[in-house]
Amino acid sequence: MRPFKYTNTNSSSDAINLLIKNPNASYLAGGTNLIDLMKEDVEKPNELIDLTRLALTKIALLPTGQNGISIGALGKNTEAANHPMIREQYPLLSKAILAGASAQIRNMATNGGNLLQRTRCSYFYDTAMPCNKRNPGSGCAAKDGFNRMHAIFGWSEECVAVYPSDMAVALSALDANIKVIQPDGKFRSISIHDFHRLPEQQPELDNTLKRGELISSIELPKNDFANHSAYIKVRDRNSYAFALVSVAAGVVLNGNRIVSAHIAMGGVAHKPWRARKAEALLKGKMATVANFELAAQAEMEQAKPLAQNKFKVAMGKNTIVSALSMATKGT
Amino acid sequence: MEEKNKAIGKGVSRIEGILKITGKATYATDYPAKNMAYAVLFKSTIASGTITSLDTSAAEKSQGVLAVITHKNAPKLNLKGGLRGGALLQSPEILFHGQHIGIVVAQSFEQATHAAHLIHVEYQKKEGKTDFDKLLPNAEMPKGKELADLVRGDAKAAFENAAVRVEEIYETPIEHHHPMEPHSTVAVWEGEQLTLYNGSQIINGAQTAAASTLNLKPEQVRIISPFIGGGFGSKGGQWANLVLTAVAAKMVNRPVKLALTRQQMFNSVGLRQRNHQKISLGASKDGILQSLSHQTTSHTAVDSEYLEPCGDCSKIMYEVPNSLISYRVVPMNVILPTYTRGPGKSTGSFALESAMDELAYKLNIDPIELRLKNEPKKDPSNGKPWSSRKVVECLKEGAKAFGWDKRKAEPGTNKIGDDLVGYGVACGTYPARQRDSSAVIKLTKKGNNVNATVEIAASDLGTGTNTILAQTAADGLGLAMENITVKLGDSNLPPAAGSVGSVGAASFANAVNDACTKITDELLAKSGKQFFVRPTAKDLMISENVSAFETRADAKAPTQADQYSAHSFNANFAEVRVNALTGMVKVTRFLAVTGAGRILNPKTARSQIIGGNIWGIGMALSEESIIDPRWGNFATRSFADYHVPTNFDIGKLDAMFINEEDKIPNKMGVKGIGEVGIVGVAAAVANAVFNATGKRIRHLPITPDKLL
């Protein structure tokens, strides 16, 4: 690990100012990903600005009229997953968080930090390898290499990495908004769908945050599918592994007819992949396995798998069907 | 199994357990030394070629750095000193990706790690041998004589004439040992005397290899290794890191600590090689084997040969008149493979026992029945009688305990919700051997209180060696276990075999038992008296009022042991659930039934067996390391990519032992259980997956994508 300066503060404006002053500084929250990357010499900040003293940890109802809840960015993942309000109103989020990492990591990891996880592509981690995300212009080793875990949607010639968070997949299905504090002290809200980006020609950028911006909370609008939601994560072992494919699904039902379906996928793209095509096909249809299969098929037909991950197309289809069936059955 | 008033046969908890759970057990890096410096290795980023430039100037100037050691300034070492895997900084030549190319020594670990990032290396690259699949057609005959083709009858003709045939290729990937304790060493020089604190499965082996490599006499080197945080073969032979720590300590004239990082563990301490195995089975219509061929191709290092003997199980498991066991090898620019739990037998049994399951399915007979039909009366490979063999009992008693009768013979027909349920069975074996070991017993008496110290340069991998030796000594001397102190893990103690190849328990316990018998005999002789009932050493210490007495025994295997074929055997039963939509597999139940002679301690024995089962389940379902042939590096480079089983992957585990008295391989009747616990496991799981889904996966691991 390279030497770095450690700074802490209990004021968000101080934190922002400190970060803007030093172009090589990074924010530090739970550190469960950043510290690993520093040990691997992938991230090389010369200053860490510790945010963990900021009072941005609360989980609370949004003000009346807004109908929803706000989850503090610096609250721990474990706390969010186990919070009664989230378990009752957003069980999908709870399930997705608990499908990720290990109990120890979730105890350290923050909600905001979870959103900012970097890819687990092993070429990104290995500094002896080319990687456009780590070292722009050096090439993508994964595209013609070991890419079993990689993207089937939205990749570019420059990068085929996937975004690893489980939590964010649920947030996508839940249409969350990410509230950030800007350097001028004003807040702005970014839809989860616009927060992460596809790699395009700039895979070094994972998201649309601007330098200095600090996530303050994640806001979840009210939904009508709390009792009809499911998160399924398919992976190489039963816990503590990143998704081959994951699906977060919620269905709003009127009897057995689908009013609306909300489907997001993990492990398939550089961001949580919202299955809009499947959703559109399901709207107004009966909640039957045959309809789920048609919708899932239509979604997965758009996939462009790589040499080693063709299986993700069938796996994605099956997992969508399985998640929709579970969601329909309800809790 | 349990005898009254005897310590042996009781399920005693590990005597060092409290030390371990309270953090007081001293593993290699726990040894303090005044003025310790910290070493970090840095490694090549090419697989084949030569270092043309190595700029260490920035690192040398970096804060806290005491020395940077590379091939340019390293002392001359003996490359044939008995260490495995080379990488001793003796030349600029690179033979595999991740070869050590230097060490940074600094005041702190962090400073050393940082400085290592500042080193700039340039290479002249050569095209590396990094693609096993491409190299496969050019495989060569191995150099090792024990790996020459073993031919009995005419396997080819018998196969072609057989009524029912199975011929398939089975593939197992590169796997790593990854003990919880990474390989680590503290080196302390006092003048020309060197002490190495280092987890070592073979204490005397580590001593002689380190001494010889450093051009020292063995008596100048002391190995201290009372606790080992797992090894699984990777701490059997020793690797460059052991001696490089000593080199660094000499150069900076301070004690030095060097611990490999988890990432470095992938390419520093050997691995289980990839095996490409072709099995050809021919049988009559009623399921009598006519022909068995097991042809394995593996890879080894470009400068040294190690092959795990995948054909070993096939040599002895079944009665078959025509057989061919062969090995071919591909030299690759990859670190030297090495002994890995159940070497050859775990991987070889996957191929053989999967093929037997395929044959049973083709014949439409129960896979247990097929095995019973082909049970050999004597060792088919050499005609020797078995010292004991309880395969039939393992299969029959296991089937009963597991509820085998609930298995549905037709695959894919047992469904619960979206889950397909399947049962699988597979057998395994591992040789039982006793190796030369010496032990000293020291008795002391205060008043009527007699205490004993047992001294032996044995090692305890965490498996319970300390405990079984205390049990053995307690019974051998007539003492309670709390009056026994076991000293092991130190090369200054009487020399012993290693904790390798399942020889530990037999070799160490017989040495201790012999020393107990001898000390009792000597006390009897000293007393000059005759007794109706033979007194214990304790009785004699008291009756003859001896305050201190000691003796040493040098134990060897019984001379007649060679005339028999002695092995442990097992039968493994697996129940799996496979999600029909996602392909995810869970082993819901696993039972291993083992015939391994006398079980000294059923509790630690059970732990060892289920530990082997868990690795076998990992082998079946998730463990795989992948080389990117473009660079020769591992694309799987951390525990995020290399999937060992988690608690959630493991269902209910059970271990049963068949009563077996067999004093042919050694006087104590101990056959060894460390290796056999993993043998047959992967096949049992794969066979259960077939029974559940109708899909025969011949290329491990069985990840969800293969079942869609």
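Trainee: What do I need to know about the model and its numbering?
Mentor: It is a predicted model, where local features need pLDDT of at least 70, side-chain atom pairs count only at pLDDT 80 or more, and totals for chains, interfaces and linings use all residues. Residues are numbered from 1 along each chain as its sequence is written, while chains are lettered from A and ligands numbered from 1 in the order in which they are written.

Trainee: OK, start with α7(B). What span should its 13 residues have?
Mentor: Helix α7 of chain B covers residues 240–252, and at 1.5 Å a residue it should span 18 Å. Its end C-alpha atoms are 18 Å apart, so that agrees. The expected span is 1.5 Å times one less than the number of residues. Helices here are DSSP runs of H or I, at least four residues, and strands are runs of E, at least two, numbered from the N terminus.

Trainee: How many of its residues are buried?
Mentor: In α7(B), 11 of 13. Among them are B:Leu242, B:Val243, B:Ala246 and B:Met251. Buried means 20 or more other C-beta atoms within 10 Å of a residue's own; exposed means 12 or fewer; partly exposed is in between, with C-beta atoms placed from the backbone.

Trainee: And what follows the helix?
Mentor: B:Asn253 follows α7(B), with a positive phi near 55 degrees.

Trainee: How do α6(B) and α7(B) cross?
Mentor: Helix α6 of chain B is residues 203–213, and its axis comes within 10 Å of that of α7(B), crossing at roughly 50 degrees. Axes are lines fitted to C-alpha atoms, for helices over the stretch in contact, and angles run from 0 to 180 degrees between N-to-C directions. The pair α6(B) and α7(B) is therefore oblique. Under 35 degrees counts as roughly parallel, over 145 as roughly antiparallel, 65 to 115 as roughly perpendicular, and the rest as oblique.

Trainee: Which residues meet there?
Mentor: From α6(B), B:Ala206, B:Ala210 and B:Thr213; from α7(B), B:Leu242, B:Val243 and B:Ala246. Contact means C-beta atoms, placed from the backbone, within 7 Å. By class, the contact of α6(B) with α7(B) has 5 nonpolar, 1 polar and no charged residues. Ala, Val, Leu, Ile, Met, Phe, Trp, Tyr, Cys and Pro count as nonpolar, Asp, Glu, Lys and Arg as charged, and the others, Gly among them, as polar.

Trainee: Now α15(B) and α16(B). At what angle do their axes cross?
Mentor: Roughly 50 degrees, with the axes of α15(B), residues 602–621, and α16(B), residues 681–693, coming within 8 Å. The contact includes B:Gly612 and B:Gly616 of α15(B), and B:Val685 and B:Ala686 of α16(B). It has 8 nonpolar, 3 polar and no charged residues.

Trainee: Where is B:Glu623?
Mentor: In the loop between α15 and β25 (627–628) of chain B.

Trainee: Is B:Glu623 buried or exposed?
Mentor: B:Glu623 counts as buried, because it has 27 C-beta neighbours inside 10 Å. Leaving aside neighbours within four places in sequence, its contacts include B:Glu175, B:His643 and B:Pro701. The C-alpha atoms of B:Glu623 and B:His643 are 5.2 Å apart, though 20 residues separate them along the chain.

Trainee: What about A:Thr64, buried or exposed?
Mentor: A:Thr64 is exposed, with 6 other C-beta atoms within 10 Å. It sits in the loop between β4 (59–61) and β5 (68–72) of chain A.

Trainee: Last one. How many residues of chain B are in contact with chain A?
Mentor: 31 residues of chain B, against 27 of chain A. On the chain B side, helix α3 (residues 109–117) gives the most, with 4 residues. That side divides into 10 nonpolar, 12 polar and 9 charged.

Key
Two residues are in contact if their C-beta atoms, placed from the backbone, lie within 7 Å.
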